[in-house]
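Please read the explanation below alongside the sequence and the coordinates.

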There are 2 protein chains.
Amino acid sequence: MAFLNDNFLKLRAGYLFPEIARRVNTFCETHPEAAKRVIRCGIGDVTEPLPAACIEALHKAVDEMGTPGKFRGYGPEQGYDFLRHAIAQGDYRDRGIEVADDEVFVSDGSKCDCGNILDIFGHDNQIAVMDPVYPVYVDTNVMAGHTGPGNEFGGFDGLMYLPCTPANGFVPEIPTEKADIIYLCYPNNPTGATATREQLTAWVEYARAHEAVILYDAAYEAYISEPGIPHSIYEIAGARECAIEFRSFSKNAGFTGLRCAFTVVPKGLKALALNGERRPLHPLWQRRMSTKFNGVSYPVQRAAEAVYTAAGKAQIAGLVAHYMENARILREACAAISLDVTGGRNAPYIWVGTPPGIGSWDMFDLMLEEANIVVTPGSGFGSSGEGFFRISAFNSRANAEEAARRIVGMSF
Amino acid sequence: MAFLNDNFLKLRAGYLFPEIARRVNTFCETHPEAAKRVIRCGIGDVTEPLPAACIEALHKAVDEMGTPGKFRGYGPEQGYDFLRHAIAQGDYRDRGIEVADDEVFVSDGSKCDCGNILDIFGHDNQIAVMDPVYPVYVDTNVMAGHTGPGNEFGGFDGLMYLPCTPANGFVPEIPTEKADIIYLCYPNNPTGATATREQLTAWVEYARAHEAVILYDAAYEAYISEPGIPHSIYEIAGARECAIEFRSFSKNAGFTGLRCAFTVVPKGLKALALNGERRPLHPLWQRRMSTKFNGVSYPVQRAAEAVYTAAGKAQIAGLVAHYMENARILREACAAISLDVTGGRNAPYIWVGTPPGIGSWDMFDLMLEEANIVVTPGSGFGSSGEGFFRISAFNSRANAEEAARRIVGMSF
């Protein structure tokens, strides 16, 4: 008699984004005229075409795949050397950060990596997450049996939630209790907050003192515009002994539909075996990826390599500038009607306080019905997100400008 | 203090194919002249370029990704409707087999799916595998903690091994004990054996009687040439209530480097929750893929769709015919020197008995040193593979013919 994984039954019926899609669909069906005006600032998905350098690299690689003698079958599960090298050099060593080529593991997405990384950890770790939080960190721990049941606060028993609030600038305090695995995301999704060098240093010191592992999600690194803000956890001394970093080509180069990301596992990073021995995690992740993954599509890896060319870098800078100008336009529109606004300066997300007495989902409905704008209710990211909503700056300029006009016309 | 997953420490140091690569590299370094003559018939990787229909579809989709208004970001995690429909129609309904579009889950590889499927099952299932066996089934169960330690027979305690031997035609007998999850692979990797309708019917009856789940790997389905052999487990009445099927574009259309596969989870398939309730597995896999996966690269999905066009089908038939002619050439060469040969008629693998007194790895070394041919030692697939080696027919015609000449020239 085959048993299913009961932990799945603890999950909420509606993952955040499907629930948003459901409400938007219902609205559009019942308001066909307004449906034509709907502007989507909900899900954090890019809208602009891939950089020309990537398109060129894709065509070239596709031609190879159709040519005898140039065709490539199975590639290395961890990614081709050409891409691992381009990443380690371009994103790290050129910026004075020590990362070896073979510490970079190329994958088909940060969402996959964030979930799959749990394969190499035991089941008895205390897991800490920021609140609000990217739901994938939580749900994958629920599935793996690392939590108790869902609770009345919209969270799960057994997880340590680190509240991110206006009072702490959306950067949580270092916990007084022990955590073994800590998810940090900077620039943050959903709040758009960043952490200073001092704040990250405190986290690294905490992790080293407790022999904890930090899972550092830096998918939005390219959006940091202010000087002095760390782009990588490895800018902090000691982080190579306590942190795994996730990066993606989705948000800088627009690869959400093309699929390529990477994870850095430093060779000096260790965790505890049951016999008390400290062992490196690098061989475990190497084995995990060799056994349960078969590498990223070859043309896609060539497209990712093109991100590091001079042309690629310039085109990506243009994409980031485009979305960040949208962020400015939307941020200022919210500020113009006296909403509390943060984020949108080093991240493509604007985090907005709802007017007094209006909850996150009520605000979602109001924005949809009155302004025909889809946002993301803050409470969907955790109980500390209640009283906020997220606006994504991923859009065309015309849409961002029109959304801003409609926001300015709202009154509460 | 972060704990690692101790189950990884049970795994053998050398996964089969890395160990082969190590031995081949050593030989090539110490025999630079012979190195130039080496023909690789080891790993089951395609050698011929992608079908023209797929190349064309890739170029077209890449152009869309570079064009405003045609660019696509995140796709559905389970695959685009156009591909799910093409698969369900082309591989199933057109052949009289009931599979709905939304029972098809598009992924980036069968290796990934075979491993990831364990996410939706509990930890208390009795797992049964064929012996010899594709190592991924075993290793992913070891990682998930479903086995005891490795044992003296080269297997793992706690797994049920189903011996596939010349005596049973490499199709295992139905076990007398209870198994909850059973991996079956037909046409088989590594033996090339197929199962008859009667044999598969017996498995389906066993699974239904025990409320077990069959994980049916049909990655080599396109190579079935003899009439009457089932191409899908769903050709067997009742299989929709007890089986999940894995298929791939790797071996028919040569997508090993492009990455696309799919898994069919029928909506009527149920497993047991801890409270004794029987619940469908389809929503669990849907949730698993939504949460830990973000869809296959859009151009790759368009290439997979092209597999089902008239041109695509004709080109794939040509590829299959090419490799199967290699199989015939290699099979006859082995027979010519009186080796016991099976497989290679409905699968691209030839399963060859070693001469008396020569073990699998010894034969590997002998083939490498005397004929400069890389094969796969049967014992690498499990203890019942001892005394056999696998020859892959994935090669150019010239290589297959040259390998055949060298085999015929060997003497034992």
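The paragraphs that follow treat the sheets, the interface between the chains, and some local features.

This is a predicted model, in which local features need pLDDT of at least 70 and side-chain atom pairs count only at pLDDT 80 or more, while totals for chains, interfaces and linings use all residues. Residues are numbered from 1 along each chain as its sequence is written, chains are lettered from A and ligands numbered from 1 in the order in which they are written, and side-chain values use heavy atoms, with hydrogens and water left out.

Begin with chain A, where seven strands make an open sheet of mixed pairing in the order β2-β8-β7-β6-β5-β3-β4. Strands are DSSP runs of E with at least two residues, helices are runs of H or I with at least four, and both are numbered from the N terminus; two strands pair if DSSP finds at least two bridges between them. At the edges stand β2 (104-107) and β4 (160-163) of chain A, and each has a single partner strand, so one side of each lacks a neighbour in the sheet. Direction ignored, neighbouring strands of this sheet are turned by 20° against each other on average. Angles are taken between axes fitted to C-alpha atoms, for helices over the stretch in contact, and run from 0 to 180 degrees between N-to-C directions.

Within this sheet, β5 (residues 181-185) and β6 (residues 213-217) of chain A run parallel and are joined by five bridges. A:I181 stands opposite A:V213 in β6(A). Helix α7 (residues 197-210) of chain A packs on the sheet and touches β4, β5 and β6 of chain A, its direction making about 145° with that of β6(A); contact means heavy atoms within 4.5 Å.

Chain B also holds an open sheet of seven strands with mixed pairing, in the order β2-β8-β7-β6-β5-β3-β4. From one strand to the next, the twist averages 20°. Here β2(B) is joined to β8 (residues 261-264) of chain B by four bridges, and the two run antiparallel. B:V106 has B:F262 as its bridge partner in β8(B). Helix α7 (residues 197-210) of chain B lies across β4, β5 (181-185) and β6 (213-217) of chain B, at about 145° to β6(B).

Next comes the interface. Contacts involve 81 residues of chain A and 81 residues of chain B. The two chains bury about 6,900 Å² between them, 61% of it on carbon and sulfur atoms; buried area is the accessible area (1.4 Å probe) that two parts lose on being put together, summed over both.

How many salt bridges are there between chain A and chain B? The count is four, where a salt bridge is a side-chain nitrogen of Lys or Arg within 4 Å of a carboxyl oxygen of Asp or Glu. B:R287 and A:D139 meet in a salt bridge through their side chains (2.8 Å, N to O). The side of chain A that touches chain B takes two or more residues from each of several elements, including α3 (52-65), α5 (110-116) and α8 (282-292) of chain A.

Over all chains, the whole structure has 50 salt bridges. One salt bridge joins the side chains of A:R278 and A:E211 (2.6 Å, N to O). This pair links distant parts of the chain, with A:R278 in strand β10 and A:E211 in the loop between α7 and β6 of chain A, 67 residues apart.

The peptide bond from A:Y186 to A:P187 is cis, with omega near -10°, and A:P187 lies in the loop between β5 and α7 of chain A. In chain B, the bond from B:Y186 to B:P187 is cis, with omega near -10°. B:E211, in the loop between α7 and β6 of chain B, has a positive phi of about 50° although it is not a glycine.
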